[in-house]
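Me: Please put the structure up, and then we'll go through a few parts of it.

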Amino acid sequence: MVLDEQDLREGLKFIVGTWQVDFVVNAFSNDLAHIPAAEFKSEDGGDFSAITFTFSEDHTVVMEDTVRGKKESGAWEQTGWGEYHYTLGAFLDLPDDTFRKNAETISVQDGCLVFGLGFLAIGMKKIAEGTVTETKEPDIGEIEPSAEDAALCGIVGVWKVAAAMTVIGGDFRLCTREEVEADLDARGADEEERREELKPFDPVIEFTADHRVLTRMKLPEGVSEEEIRAALEAGEISDLRDGMFSVGEKEWKAVGGRYYYNTGEHREIFGEVKSPWDELAVDEEGLLPFASSMMKLKRV
């Protein structure tokens, strides 16, 4: 599994801190009940609640048994979504085999960290947050284009929708207008259904030389001159021409030789606000993914 930067960042924030053994599950029990760690006694009379793991931002880990006065250091890494692996200088004198491998593999279950110890599953809960350094890169919107970037205009022009996300045969995927029309013909769709299904192909996107992104739509059928005039005066629509009007306006810019546009969307993941700027990059087919890849554009 390939983890991207966001996956690793979220995994880091989740695990960094101190975790204490909270419960034990016996695989041979009838109900797989969670036995409180303080009630599960070892042969020497101790219990698992004395064991803590402290995971740090620098990928080091310290296991401590406060009753036995034992402390071991090691390292950890994220190996998957909700999965980690750690190693220690020593760990309860475990044999170097599958038994040890299971003990050193941690999975996230219901907000807890769980690892195997023979026929036991050991669950830990976080009792203290650790420190994760906030490293905020400047957002595209905060970067002033260089003179070279300001001169770039390769994106300027009018683009039409070449493919849009739609449902054909029960599959929601990017389809061309021709594919949608063929499906409508096969289903014997009426005119109203055809208009509705083909609407995603109506918009025309224009990237202007003055760094605006305009979306043009067809005037709805049956709209009177009075209604159009009222919408223009109210600022609901603008730039009326050739039976199309512009709705909304966004911004594009070039940074580091690449093109971006401001979607205007508020994006947030786990409470962290993300950039509303998306890159504009033509793919191998010469098409331009747009609107969070819900459509692809082709230059007119």
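**Pocket and salt bridges**

Me: Which elements each supply at least two residues of the largest pocket's lining?

Reply: Helix α1 (5-15) does, and so do strands β18 (272-274) and β19 (277-280). Helices (H or I, at least four residues) and strands (E, at least two) are DSSP runs, numbered from the N terminus.

Me: What kind of model is this, and how are residues numbered?

Reply: The model is predicted, so local features need pLDDT of at least 70 and side-chain atom pairs pLDDT 80 or more, while totals for chains, interfaces and linings use all residues. Numbering starts from 1 along each chain as its sequence is written, and side-chain values use heavy atoms, leaving out hydrogens and water.

Me: New topic. How many salt bridges are there?

Reply: The count comes to 20, taking a side-chain nitrogen of Lys or Arg within 4 Å of a carboxyl oxygen of Asp or Glu.

Me: Arg-100 and Glu-104 make one. Are they buried or exposed?

Reply: Both count as buried: Arg-100 has a relative accessible area of 17% and Glu-104 has 8%. Buried means under 20%, exposed over 50%, partly exposed in between (1.4 Å probe, protein chains only). Their closest N and O atoms are 2.9 Å apart.

Me: And what about Glu-181 and Arg-177?

Reply: Their side chains meet in a salt bridge at 3.2 Å, N to O. They sit four residues apart in helix α4 (residues 177-187), so about one helical turn separates them. Glu-181 is partly exposed at 26%, and Arg-177 is partly exposed at 29%.

Me: Which parts does the pair Arg-212 and Glu-249 tie together?

Reply: This salt bridge has its closest N and O atoms 3.4 Å apart. Arg-212 is in strand β13 (residues 212-218) and Glu-249 in strand β15 (residues 244-255), so the pair ties together parts 37 residues apart in sequence. Arg-212 is partly exposed, at 28%.

Me: Which residues are linked in a network?

Reply: Asp-183, Arg-187 and Glu-193 are joined in a network of salt bridges.
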